[in-house]
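Here is a short briefing on a two-chain model. Look at the sequence and structure, then read the points by topic.

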Amino acid sequence: MAHDNDGLIRRYLLGELGEDELQQLEEKMMADNELFDRVLLAEDEMVEEYVQGELSESDRAGFEASFLSTPEGRQQVSFAKALSKYVKDVSPAPDAEVRVGEVPLAIALVAERPWAPGALTEEPLAEESRREGRIHRPAWWKRPALVPYFRLATAAVVVLALGLGIWWLVRPQSALSQGLASLNKAYQQQRPIEPRISGFDYAPASVTRGDASKQADTRSLNRAERILLDEVADHPSAASHHALGRLYLAEKKFDDAIKEFDEALKADPNNAQLHSDLGAALMERANASAQSDAKAEELGRALQHLDRALELNSSLFEALFNRALCLEAMMAYGQAEDAWTKYLEVDPSSPWAAEATKKLRELRERNRRSSDRETLFREFVAAFGASDKGQAWDVYSRTRYRTGHYFVEKLLQQFLDASTNGDRKTADAALAMLSFAGELDVERVGDYYLRDLMRYCLQSTVSQRAAVTHAREQMKSAAQRYDSNDFDGASDLFAKAAALYERNSDTCDALFARGWESFSLVRVPDTKTSLAMLEQLSPILLGRDYRWLYGQTLNAIADIENSRDNLSRALTYSEQSLKLAREINDPMGVLRNLSQSTSFYLQFGDCQKTLSKGFAGLETARTVPADAKQVWPLYYEMASAYLSLDSSSAALAFGKEALSLAIEAQFPLMEARSYARLGLIYRARSEYAEAMRYAQFAVDVSQRLSGRGALNTTAGATLSLAHLHRLTGSHVTAINLYDQAIALYKQLGLDIYGYEAHKGKLLSFIALGDDVAAATELPLTIKLYEEYRFKIAEESNKNRFFDTGNDLVDVAVAFEYSKQKNLQAAYDYAEASRARSLFDLITGKSSVVEGEGGPDNRLASHSRPLNLEQIRSRLTDDLQVLQYAVLDDKVICWVVSKQGFEARDSKVSASALDQMVHDYAGCLAGIVKADKADAVSKGKALFDILIRPVELLLDPNKIICIVPDKTLNYVPFPALISPKERYLIQDFRLQFSPSASVLLECTEMARARQRGTPERLLSVGDPDFDRQMFPSLPLLSSARVEAERIAEQYTSKRVLVGEEARKEEVKKELSQADVVQFATHYVPDLKSPMLSRLLLARPEADVESSDEGYLCPAEIYRMKLSRTRLVVLSGCQTGVEQTLRGEGAISVARPFLAAGVPLVVASLWSVETNSTKDLMIAFHSYRRVGLSTVDALRKAQLKMLDKGPNEVGHSFTWAAFEVIGGRSEF
Amino acid sequence: MKKEDPPNQEEFDALLAWLDPDSGRAGERYLEIHRKLIKVLVRRQCHAAEELTDETINRVSHRVQGIASTYVGDPILYFYGVAKMVYKEWLKDEKTRLYAKPLPLPEPSEDVERIHEYLERCRQKLDPESRELILKYFQHEKREKIDNRKQLADSLGITLNGLRMRVHRITAILQKCVFDCLNPSEAT
């Protein structure tokens, strides 16, 4: 009985009880305390199982639907997760206990009791042999009969042999072999991870995911660890790092293993086994990671190394085996099948082969099973018979196809056929099941479509049913036309079917058919008509609670917005549709929407998100009987993303997987596109013959298609072929093909691809030296490119798009500068591409919105950047702008002032420049080791490139505002060293701005804040930050001194140090302060810069506030700091944490500029706290005696220079700081 | 759903008297009903469980003087019956509301990291025995977890279910403390 109740309680908690059962149980629970308590305990247990990933997949779905839909449930789950993590953190790790307890003990035993048998066997053989070598001499060594010269020669040979022998015995490899032998022995019973580690004998794979050392022979493992650690310490080499990496890999310490393998690869980059082991480590780390975000990317890297291993040794067993596993983990099932087959070709009979065979069998079985919708249908019928709603819902919810629900369509057909044939029994049975499904839809997710349809079926007349049967036939024909790319024909037929349904009062089917009519029109493409139809349909579907069908319309609207290049709107609709699909438990819908967002993110150029969405889509596809056509887009788009991320192996695998699926789906459009993409992938791999072959296939297949829909495919294939001809130097053919593609896209109204074609054409004109044609093409292409500024509203997406597309700007600048000699046009193109989002944030309207990927700025208006003439007219007399453009082969330096405009250049490749910047900034930041002479030469080399060409144009009496580009955002300009060994700051007054337009806008803001009244200071220092959250950050006692000493110099002030520096107080004071000093830690978040943290005092637990103990850029962007004239950020790396091409430096200085602060002082790298304190105190003291911010910082920097020896090693703190923003008097 | 006013003192006294002539026990009974109704409604995926429970009690309070003398059976079932009606009304309103506006965004769940932060603080407020018990109880996973809990129950001289109940109560206290810390405005 108790057991029965347990089952019932479990179903209750999973939301699987029908209303009657539910009420009965609830009544009992109310009256029976014991039962109520059991429910509570079962609930606790289930939450725990969920959190620990112990629930089955179906229970998990039920649990999520039941628990995560209420705040209480979500709270319960969050709490359980946190508690589980907390207990793990607080409890001593079992792993650590073993290592602390066992290893030293073993060592101690050996040390203290060398006579003990165990200790003796622990002695390395090499040591034993060395001892023997010292004691014994060969008998013939002292033979007196040998003549002296022979003795000498023999002695030489013997010495050499002995030497070699001793070397052989004591050589590092010998110890390595010992260590590796012990490691192999340690895992002889069970191998620790599924992939093959080179040098390991076969052992069955471990099935647990726990501590690997528990499955090992601890004694051998300890010995291996001791030897291999010693080897790396005493004889660091590729081999010793490789060996230690293998130990870590076996112990599942993947980060450590990867570090060792990377180190080994530096010295031995062509070692196939090393690549194979690194591939295995990356794969295992990806598989073990709970975060799916980076999984796909890491697996791509793993495959890259495994392919490299096979390039070096095509029959390396380990690499072949691991490659197949990796492809399986990437869910490239067709490719995995091929890879296992390939493995078995080289190893048909070992125990590894038996595993490979099993894998292959399982994979084939999986592929068959996943497509078996009939099995699911039978399960549904059985569940219906048993009134098992939970099971019925589980299978029912997995088979919703876009063209309709598989079961519903099947049962409806049965019902109509049987009704027509007078087979009442079959008709009733089908109807009963349909009604059951309809009730499930209503009960579970509140979707009334099927229930309403059933009501119609029950009430319909014989003639109505006959008409409906006819309409259904039309629908089928329409769907076939849709599948064969005849979207015009499809939309006509859908429209006819809809009209027939309408005439026969079948509203449900009519709405469905109208939906499909509009979906077909999207593809025609007739987006205007389809959008109008969908806008008409949407409210009707909402009003009738046809939630699934409503989700389809959202998805289609997203497609329309995408084809109109309204990418942000497209993404919003797609996300709404995805959310709805999740709410109504429609995994097929989830899959479709994830496919769509995969494609959108690829268009934004955000390859990481493309992969993460795509991977999530593939994981969803595993749970449903998805067909080839549904999963094709995921592989197709992910192939491109992999290619952009330089994972060409993964790109090729996914490209091939997409092609197989396209062929399986018998969908020529997909086939043609797959060929085209493979062409591009082969091109990126420099396999041009293959590339051209696939591109030609693409054109051939697309030309076989008919109807307007085929145009799209032909255009895509033609564009791909054009790219290939251009890249292989056939520019005339390429231009011809680009023209064809442009004409086709124009016909289709698809501008997004038109832009790509124009860009390709421009590049071909330039390559041909046809400057006249290029000059005509350039403005047109730039215009199309610039249109995206208005089409993308989210800042992160916009910045990413223009970062990816920035090469076009470089082409334009280079063309105008070098070919046309039009220096002004070159400058205007460069300036128009710089910090545009920041400019919009400063000048226009924006808001911070919460998106799927965290907070983001949404830009509501767009400002035009200034051109050269406007800039010159607005510059003050005492200002010169030194603006750079880093191109592939040169750096252009423009000097702009009210009086003149000049340009010079330095010949240097972008990659060499990048390295030089990295080296010199690294020297000053203390990251790159260099002696004084080396550092000085690096500083001089950069001076030579960046300053020397314009040195004579720079006026020492003016302020030089540097506008850097790309890598130059990291350059410590003040510390560049002239041939006379003087720092640049000694000769010039410097400040910085992300663009000339931003400089002038900030100058305007500064002018508005020019007041005669005393400045009010907010000085924040050494906040009592949350040490638990940031355990590695040191306390900043000197920052407290800094804050207080600075405050002493101001009459009106507020000092917030220690625990007083709470967020609310800081925010309140910020709005009233003229000058703000933040002497605190800054913790950049490279993944989400909006969530980087400027640390403040940790919040008090019992005080009512939303304080987290830090200020994020997202919060600063929301502020309007209309009074503040200067913010000084004396923490680490506050001036640049990453750079984007076009947008420039991303840092915490940026949101302050966007919030209206005209001047920000910030740092380029991690700064030392004591010298920063001195610099800052001096800086403020100079400001207080009347120097402007620029001059005060310069004087403070020069003071530091004077104090210390005038050499590079002493310059790192002062050189890190710069003034960013506008020209000011204060 | 038409909401009713909270009961006046007389009605509330009558309600308590109906639940149990002993005022202390009546109070306990009242809390038990409140707790159970919330749980039942939450399991029905109602995201306004507390509000509906209050509404249920308000309605019963207004009617109690009329029904107390004639009602046969456990009063808690009467509350349950009313709660079902209240829930249905809410469900109907909810549907209307849902489609009157764009689809609502699910509320964000509490940040696990933030909860984690407060756990230590709240655990320290427990008595030493409970403080340790909670760590020991949740220390392992899978098979080890089951064995560990059996051993723990044995060492405490209680049944496994007894142990689970004890842990349930401790976690309930912890959870309340943590969420009070997270949402101090809602703390009582």
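Helices and strands here are DSSP runs, numbered from the N terminus; a helix has at least four residues and a strand at least two. By that numbering, A:Glu981 lies in the loop between strand 8 (959-963) and helix 48 (984-987) of chain A. This is a predicted model. Chain B and chain A bury about 5900 Å² between them, and seven salt bridges are found across their interface.

**The interface of chain B and chain A**

- On the chain B side, 59 residues are in contact with 61 residues of chain A.
- Of the buried area of about 5900 Å², 58% is on carbon and sulfur atoms.
- Between the two chains, 15 residue pairs are in polar contact, with both residues at pLDDT 80 or more.
- Elements of chain B that give two or more residues to this side are helix 2 (23-43), helix 4 (75-100), helix 5 (112-124), helix 6 (128-137), helix 7 (142-156) and helix 8 (160-182).
- By class, the chain B side has 27 nonpolar, eleven polar and 21 charged residues.

- A:Glu43 and B:Arg43 meet through their side chains in a salt bridge, at 2.9 Å from N to O.
- A:Glu43 lies in helix 3 (residues 33-51) of chain A and B:Arg43 in helix 2 of chain B, so this pair joins two chains.
- Both A:Glu43 and B:Arg43 are buried.
- A:Glu48 forms a salt bridge with B:Lys145, at 3.8 Å from N to O.
- Because B:Lys145 lies in helix 7 of chain B and A:Glu48 in helix 3 of chain A, this pair also joins two chains.
- B:Lys145 and A:Glu48 are buried.
- B:Arg149 forms a salt bridge with A:Glu48 too, with the closest N and O atoms 2.4 Å apart.

**Salt bridges within chain A**

- Over all chains, the count comes to 92 salt bridges.
- The side chains of A:Asp878 and A:Arg1223 meet in one of them, at 2.7 Å from N to O.
- A:Asp878 lies in the loop between helix 45 (868-874) and strand 5 (879-886), and A:Arg1223 in the segment after strand 20 (1217-1221), so the pair ties together parts of chain A that are 345 residues apart in sequence.
- A:Asp878 is partly exposed because its relative accessibility is 23%.
- A:Arg1223 is buried, with a relative accessible area of 9%.
- Salt bridges that share partners join A:Arg1016, A:Arg1054, A:Glu1065, A:Lys1068 and A:Glu1069 into one network.

**Helix 2 of chain B**

- Helix 2 of chain B has 21 residues and reaches 30 Å from its first C-alpha to its last, close to the 30 Å expected at 1.5 Å a residue.
- At its start, a side-chain oxygen of B:Asp22 comes to within 3.0 Å of the backbone nitrogen of B:Gly24.
- Helix 2 is followed by B:Gln45, whose phi is positive, near 60 degrees.

- A:Glu981 is not a glycine, yet its phi is positive, near 60 degrees.
- At 46% relative accessibility, A:Glu981 counts as partly exposed.
- A:Ser387, also a residue other than glycine, has a positive phi near 50 degrees.
- A:Ser387 lies in the loop between helix 19 (373-385) and helix 20 (389-396) of chain A.
- A:Ser387 counts as exposed, at 56% relative accessibility.

**A buried serine**

- A:Ser574 is found in helix 29 (residues 567-583) of chain A.
- A:Ser574 counts as buried because its relative accessibility is 1%.
- Leaving aside neighbours within four places in sequence, A:Ser574 is in contact with A:Ala558, A:Asn593, A:Gln596, A:Ser597 and A:Phe600.

Terms used. Residues are numbered from 1 along each chain as its sequence is written. Chains are lettered from A and ligands numbered from 1 in the order in which they are written. This is a predicted model: local features need pLDDT of at least 70, side-chain atom pairs count only at pLDDT 80 or more; totals for chains, interfaces and linings use all residues. Side-chain values use heavy atoms; hydrogens and water are left out. Contact means heavy atoms within 4.5 Å. Buried area is the accessible area (1.4 Å probe) that two parts lose on being put together, summed over both. A salt bridge is a side-chain nitrogen of Lys or Arg within 4 Å of a carboxyl oxygen of Asp or Glu. A polar contact is a pair of N or O atoms within 3.5 Å; within protein, one must be able to donate a hydrogen and the other to accept it, and residues adjacent in sequence count only if both atoms are side-chain atoms. Ala, Val, Leu, Ile, Met, Phe, Trp, Tyr, Cys and Pro count as nonpolar, Asp, Glu, Lys and Arg as charged, and the others, Gly among them, as polar. Buried means under 20% relative accessible area, exposed over 50%, partly exposed in between (1.4 Å probe, protein chains only). The expected span of a helix is 1.5 Å times one less than its number of residues.
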